[in-house]
Amino acid sequence: MKRIALFPGSFDPLTMGHLDTIERGAKLFDELIIGVFVNTTKKSYFTSEEKLEVVKETVAHIPNVRVIGQENELTVNVAEKLGAKFLLRGIRSVKDYEYEKEIAYMNHHLDHKLETVFLLAEPKYSHISSSILKEVWAFNGDIKEYVPDAVYRALEEKRENSEK
């Protein structure tokens, strides 16, 4: 049986921590599907289309990874449609663990055949989040080492377009 995993997230923006989780997860599964989802509790910086484009560009070098967009469906339903039996999640801290544990329990309640697999963040990425990076970026801070090149270019382009 093919091991298919879904890595859902808002990826606004995709960070080097996300990319590290994707690259490591791609080694564990036959197919890893990155689900660019909408997080209703967060205000997005990028549109869904912009996020899809930059995530696809960033992971193009990984042959068993593909990217999909999803805006209005439960993660467990998307996983079932894709044939995914695993959800991949990254954990940076105890705070992340507590949050992700609750989601994993609910997802397991909704679909008891779906397993959540946690990967611990590399220490060099354990202090970064999309929210923190957006805040630093908003005040012209340097975040280049924490985002893939495609993301950095998209951020710069968005800034340039907003200044016109």
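Select Asn140. This residue is exposed, with a relative accessible area of 59%. The model is predicted, so treat each stop as a computed value. Asn140 sits in the loop between α5 and α6 (149-163). Check its backbone: phi is positive, about 65°, although the residue is not a glycine. Most residues other than glycine have a negative phi.

Next, select Phe11. Here too phi is positive, about 45°, and the residue is not a glycine. Phe11 belongs to the loop between β1 and α1. Is Phe11 buried or exposed? Phe11 is buried, with a relative accessible area of 2%.

A cis peptide bond joins the two, with omega about 0°. Most peptide bonds are trans. Pro13 is in the loop between β1 and α1.

Now show the side chain of Asp12 together with Lys134. They meet in a salt bridge, 3.0 Å from N to O. The pair links distant parts of the chain, 122 residues apart. Asp12 lies in the loop between β1 (4-9) and α1 (16-28), while Lys134 lies in helix α5 (residues 130-138). Asp12 counts as buried because its relative accessible area is 3%, and the cut-off for buried is under 20%.

Move along to helix α1 and select Asp20 and Arg24. Their side chains form a salt bridge, 3.0 Å from N to O. Both residues lie in helix α1, 4 residues apart, about one turn of the helix. Asp20 is buried at 14% relative accessible area, whereas Arg24 is partly exposed at 24%.

Lys81 is exposed, with a relative accessible area of 64%. Glu73 is partly exposed, at 27%. Then select Lys2, Glu31 and Arg66: salt bridges that share partners join these three into one network. How many salt bridges does the structure hold? The structure holds 11. Side chains of opposite charge can pair when their charged atoms come close.

Switch to cartoon view for the sheet. In what order do the strands run? The 5 strands form an open sheet in the order β3-β2-β1-β4-β5, with parallel pairing. Colour the edges: β3 (65-69) and β5 (115-120) each pair on one side only. Neighbouring strands are turned by 30° against each other on average, direction ignored.

Zoom in on one strand pair. Strand β2 (residues 31-36) and β3 pair in the parallel sense over 5 bridges.

Bring the helices back. Helix α1 packs on the sheet and touches β1, β2, β3, β4 (86-91) and β5. The direction of α1 makes about 125° with that of β5. Helix α4 (residues 94-110) also packs on the sheet, touching β4 and β5. The direction of α4 makes about 170° with that of β4.

Last stop: Asn107, found in helix α4. Asn107 is buried, with a relative accessible area of 11%. Which residues does Asn107 contact, leaving aside its neighbours within four places in sequence? Select Val76 and Leu87: Asn107 is in contact with both.

How values were computed. Residues are numbered from 1 along each chain as its sequence is written. This is a predicted model: local features need pLDDT of at least 70, side-chain atom pairs count only at pLDDT 80 or more; totals for chains, interfaces and linings use all residues. Side-chain values use heavy atoms; hydrogens and water are left out. A salt bridge is a side-chain nitrogen of Lys or Arg within 4 Å of a carboxyl oxygen of Asp or Glu. Helices (H or I, at least four residues) and strands (E, at least two) are DSSP runs, numbered from the N terminus. Buried means under 20% relative accessible area, exposed over 50%, partly exposed in between (1.4 Å probe, protein chains only). Two strands pair if DSSP finds at least two bridges between them. Axes are lines fitted to C-alpha atoms, for helices over the stretch in contact, and angles run from 0 to 180 degrees between N-to-C directions. Contact means heavy atoms within 4.5 Å.
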